[in-house]
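Here's a quick tour of a protein model for you to follow along with. Keep the 3D view open as you read.

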There are 2 protein chains.
Amino acid sequence: MKIRQLFDYDTWTYTYLVWDEATMEAAVIDSVLERVERDMQHIKELGLKVKYLLETHIHADHITGSGPMRKQTKGQIVVHKNSGSECADILAVEGDTFKLGHQEINVLHTPGHTNNDITYLIEGAAFTGDTLMVRDCGRTDFQLGSNENLFHSLTEKLFTLPEETMVFPAHDYKGFSQSTIGEEKQFNSRVGSGKSFQDFSTAMDNLNLPNPKRIDVAVPGNLQCGNLDD
Amino acid sequence: MKIRQLFDYDTWTYTYLVWDEATMEAAVIDSVLERVERDMQHIKELGLKVKYLLETHIHADHITGSGPMRKQTKGQIVVHKNSGSECADILAVEGDTFKLGHQEINVLHTPGHTNNDITYLIEGAAFTGDTLMVRDCGRTDFQLGSNENLFHSLTEKLFTLPEETMVFPAHDYKGFSQSTIGEEKQFNSRVGSGKSFQDFSTAMDNLNLPNPKRIDVAVPGNLQCGNLDD
């Protein structure tokens with residue numbers, strides 16, 4: 001399996017191209033509307049056959065490019081069932097699997113940042129969205145976020161994966177690009193080294209972050225799969 | 001071999017940690033002074049034993065963190081002989097090799113952006129500095145840059161490497177993180193698909209880029225290995 005990480009400087013979002021080298025079947029994870037042209041050019045140059053357009057969740061900070069990409073590829077849009085999306089092709093739930101050439105994509109439901117977070121597990125790599133970020137995790141204060149759910153997703157689900165599992169987040173704000181489950185179990189600032197739920201919850205309740213600038217546009221835009229003209 | 005890519009948002013610089021898993025001996029490539037604390041923390045958490053602090057060239061846009069990192073590790077600073085650096089431990093030339101645990105670091109002199117560019121080849125990965133960037137290359141209009149030298153370095157040296165060689169640049173301005181030699185031979189906007197030297201040279205002479213904001217501070221700072229207080 002090959003992975004290519006792409007970055008959107010405006011919203012600090014990582015988009016991933018993941019493909020099976022034998023068949024060139026590919027998945028795009030968390031595309032960004034403003035980067036569709038760049039990404040489609042890259043997909044063309046790499047010779048990828050896009051089969052899936054995966055969303056880790058309904059984002060609040062940027063609008064997905066999945067709708068426009070679906071018009072230019074054979075990609076099927078996948079989001080979690082809890083999103084209530086009416087534009088997705090597949091409403092996924094825990095345990096679903098998709099074939100990508102000889103690789104398998106496994107769906108883990110890892111809510112807490114929202115109620116519809118998915119971690120996609122592909123061949124030893126976990127695309128963790130805003131659930132697990134490098135030394136950090138997503139916020140829990142909107143979109144049906146929940147400290148309880150996030151703590152459970154992190155410590156009871158993701159941290160039971162093999163330690164060498166590579167972690168690829170949906171965002172980074174400090175210049176990190178990836179991590180491993182083993183590192184995060186030890187060094188994650190929110191839940192590493194066996195921090196208690198109480199410590200985690202108190203810290204999360206005191207982040208005092210401003211709302212994402214574009215939340216009022218991004219969430220409805222994502223529920224349209226980025227097809228703003230439709 | 002393991003590679004971890006780190007990013008400096010202020011100067012769009014990639015720093016790399018490269019290590020041999022068996023011995024944990026590590027090299028840091030192109031550190032950034034303002035990110036030394038972040039990177040040293042990461043090095044500590046990963047359990048790396050820094051042996052080399054490699055510079056792909058004397059940078060004009062940021063100051064290296066190699067001097068401060070040398071004070072905190074056993075790392076030896078490596079720059080190309082043409083730099084005239086008096087603070088480096090090793091002045092490298094074409095063909096030099098260094099051992100990193102069971103891995104070998106090979107020095108290719110790839111001038112053109114400056115007169116002292118090195119591409120470090122480590123186990124199928126080329127750390128190409130400002131010589132080769134994703135779909136692009138470095139500018140040639142200061143620091144003894146040369147269209148002739150850069151064209152030669154790209155087309156006669158780097159493009160003779162195996163096509164699957166991974167390319168890790170020192171900068172990116174569009175959100176790309178890596179490439180391969182095969183891709184760049186075909187799709188590089190400056191020299192891909194057999195562009196002539198004349199086309200390349202005309203394009204490079206008409207970039208009309210402003211000088212890097214910090215060039216007057218960065219170049220002398222790098223010739224002191226970032227030890228600004230010494």
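In what sense do strand E3 (residues 25-29) and strand E4 (residues 49-54) of chain A pair, and over how many bridges? They pair in the parallel sense, over five bridges. Keep in mind that this is a predicted model. Let's start with the sheet, then look at one strand, one residue and finally the two chains.

**The sheet in chain A**
- Six strands make up an open sheet, in the order E1-E2-E3-E4-E5-E6, and the pairing is mixed.
- Strand E1 (2-8) and strand E6 (90-92) stand at the edges with a single partner strand each, so one side of each has no neighbour in the sheet.
- On average, neighbouring strands of this sheet are turned by 25° against each other, if you ignore direction.
- Helix H1 (residues 36-46) of chain A lies across E1, E2, E3 and E4, and runs at about 20° to E2(A).

**Strand E2 and its hairpins**
- E1(A) and E2(A) run antiparallel and are joined by seven bridges; Ile3(A), for one, has Val18(A) as its bridge partner in E2(A).
- These two strands form a hairpin with four residues between them, and Trp12(A) in the turn has a positive phi of about 60°.
- On to the next pair: E2(A) and E3(A) are also antiparallel, with four bridges, and here Leu17(A) stands opposite Val28(A).
- Their hairpin has five residues between the strands, and Met24(A) takes a positive phi near 65°.
- Seven of the seven residues of E2(A) are buried, so the rest of the structure largely encloses this strand.
- In a regular strand, side chains alternate between the two faces of the sheet.
- Both faces of E2(A) are covered: buried residues include Thr15(A) and Leu17(A) on one side, and Tyr14(A) and Tyr16(A) on the other.

**A look at Ile105**
- Ile105(A) sits in strand E8 (residues 103-109) of chain A.
- Is Ile105(A) buried or exposed? Ile105(A) is buried, because 22 other C-beta atoms lie within 10 Å and the cut-off for buried is 20 or more.
- Beyond its neighbours within four places in sequence, Ile105(A) has contacts that include Ala27(A), Phe98(A) and Tyr120(A).

**Two chains**
- The same surface serves both copies, as 100% of the contact residues of chain B recur in chain A.

How values were computed: Residues are numbered from 1 along each chain as its sequence is written. Chains are lettered from A and ligands numbered from 1 in the order in which they are written. This is a predicted model: local features need pLDDT of at least 70, side-chain atom pairs count only at pLDDT 80 or more; totals for chains, interfaces and linings use all residues. Two residues are in contact if their C-beta atoms, placed from the backbone, lie within 7 Å. A residue is buried if 20 or more other C-beta atoms lie within 10 Å of its own, exposed if 12 or fewer, and partly exposed in between; C-beta atoms are placed from the backbone. Two strands pair if DSSP finds at least two bridges between them. Axes are lines fitted to C-alpha atoms, for helices over the stretch in contact, and angles run from 0 to 180 degrees between N-to-C directions.
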